[in-house]
Amino acid sequence: MAAIAAASRIIPSAASLSSSSSSLSFFASRSPLKCLPLRSSHRVSRLFVTQRRPEVRVLSSGYGTVSASKSFASDPDQLKSAREDIKELLKAKFCHPILIRLGWHDAGTYNKNIEEWPRRGGANGSLRFEVELKHAANAGLVNALKLLQPIKDKYSHVTYADLFQLASATAVEEAGGPKIPMKYGRVDVSAPEQCPEEGRLPDAGPPSPADHLRQVFYRMGLNDKEIVALSGAHTLGRSRPDRSGWGKPETKYTKDGPGAPGGQSWTAQWLKFDNSYFKDIKEKRDEDLLVLPTDAALFEDPSFKVYAEKYAEDQEAFFSDYAQAHAKLSNLGAKFDPPEGIVIDGSPKPQGEKFEAAKYSSGKKELSEAMKQKIRAEYEAVSGSPDKPSKSNYFLNIMILIAVLALLTYLFGN
Ligand code: HEM
């Protein structure tokens, strides 16, 4: 008994050692002064002195469960309040489409062939920096950032990366779209040098649109079904010649707004999230509705067409596939703190990858990206990595071994 008590005294201290080292690296990786390009110096100093609220963090690892006091990349209560403010913003400004585009363009730079964060790109808040906002594909998105900045200023414990994805998912839902199974806790990059190079997002009019879409979206780890489902986001919004170069300056559907008038929409009711995009780009009957070469490819390419036809017929199927694909897009390249992410009230639990024994029984099959990320997250939760096993876990094991030996010596000694 004495030995067990001794062991239990040792183990918590080992756990807090491991957690404090991860806290240190967490704070080291966040530099508030560097990561707030649109913030006034007064606001920066306010943020700098604000205390982060301690929370209990429960980490599950192969070695058991440890708990320690630590705050996450974003604060769950602030995420919920920010979501309410985003809803108000949407009601006032009808800015659903541009907020969705902001989230997509932050995440869509992800390159699954690069392991290192943040060089791999993705949902890391890098799109707030001028250097990335100036990429041709991002023309006009500075307006989305300006709309969100007051919310960011109000909720300093919500990262930009989370705010962009929260705004995008909320905009889909508020426009009548499906509930997206989101999670939060994305860590922000801290400097413009960490922005991805230009050219990772798709072109609307490349020579072979279907090949181009596959090249870009496969690089993100997305498949044909996800390409088609996500393209369905064009059920909302407009294209403006002065931004992307595509579309008419105005049409009968856009000349009176709501919001800033002008541009050409893909659908007549371009603030309502439904499956009309697929119906409209299939029929191509209305000169006032836009069909980009990459939109048209969805009904021309045999593999894309299967899904495009299905979504034109069946809105429920579109909503279900869209919700999954959107959640996946929003997680691309993100580093989560806590590693398993934060689910805020009202959001369904994120769907983890189903474990199929057959899938992992053959040595030939590579683990999927999602499964690799999950394993990596588990290791990172205990300050280790799959390539470099955690020292603290060895330390724990040695402590347990010593405790057991002490117990045996005590028992046999008597
Ligand atoms: C498939 C490849 C894609 C291409 C080539 C493409 C291209 C474009 C272009 C050219 C515009 C017009 C921008 C402007 O002039 O302001 C636009 C707008 C938009 N895109 Fe895409 N996009 C693609 C995929 C996506 C995806 C995956 C999403 C979201 C999941 C998305 C959401 C939007 C939204 C909501 C708008 C309207 C923005 C507004 O009204 O301000 N797009 N896209």
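A: A word on terms to begin with: a residue is near a molecule or strand if its C-beta atom, placed from the backbone, lies within 6 Å of it. This is a predicted model, where local features need pLDDT of at least 70, side-chain atom pairs count only at pLDDT 80 or more, and totals for chains, interfaces and linings use all residues. Residues are numbered from 1 along each chain as its sequence is written.

Q: How many residues surround the ligand, and which are the closest?
A: The ligand is surrounded by 23 residues, and P97, A233, G237, S239 and S244 are the closest.

Q: Which elements each supply at least two residues of that shell?
A: Helix 4 (96-107), helix 9 (224-231) and strand 3 (238-239) do. Helices (H or I, at least four residues) and strands (E, at least two) are DSSP runs, numbered from the N terminus. Helix 4 gives the largest share, 5 residues.

Q: And by class, what is in the shell around the ligand?
A: There are 12 nonpolar, 7 polar and 4 charged residues. Here Ala, Val, Leu, Ile, Met, Phe, Trp, Tyr, Cys and Pro count as nonpolar, Asp, Glu, Lys and Arg as charged, and the others, Gly among them, as polar.

Q: Where does the shell lie relative to domain 1 and domain 2?
A: Between them, because domain 1 (76-194) and domain 2 (209-325) both give residues to the shell. The domain bounds come from an automatic or database domain assignment.

Q: Switching to helix 8. Which of its residues are buried?
A: In helix 8 (residues 209-219), P209, A210, L213 and F217 are buried. Buried means 20 or more other C-beta atoms within 10 Å of a residue's own, exposed means 12 or fewer, and partly exposed is in between; the C-beta atoms are placed from the backbone.

Q: Why do you say the buried residues of helix 8 line one face?
A: Seen down the axis of helix 8, they fall within an arc of 95°, so they line one face of the helix. The arc is that of the directions from the helix axis to the C-beta atoms. D211 and Q215, on the other side of helix 8, are exposed.

Q: What do the buried ones pack against?
A: Helix 9, helix 11 (293-300) and helix 12 (302-313). Contact means that the C-beta atoms of two residues, placed from the backbone, lie within 7 Å.

Q: What follows helix 8?
A: G221, with a positive phi near 85°.

Q: Where are F94 and K284?
A: F94 is in the loop between helix 3 (76-93) and helix 4, and K284 is in the loop between helix 10 (276-283) and helix 11.

Q: Exposed or buried, for K284?
A: K284 is exposed, because it has 12 other C-beta atoms within 10 Å. F94 counts as partly exposed, with 16 C-beta neighbours inside 10 Å.

Q: Which peptide bonds are cis?
A: The bond from W117 to P118 is cis, with omega near 5°, and the bond from G257 to P258 is cis, with omega near 5°. P118 lies in the loop between helix 4 and helix 5 (130-133), and P258 in the loop between strand 3 and strand 4 (264-265).

Q: Last one: what is the secondary structure of the chain?
A: It comes to 16 helices and 4 strands. Of the 414 residues, 40% count as buried.
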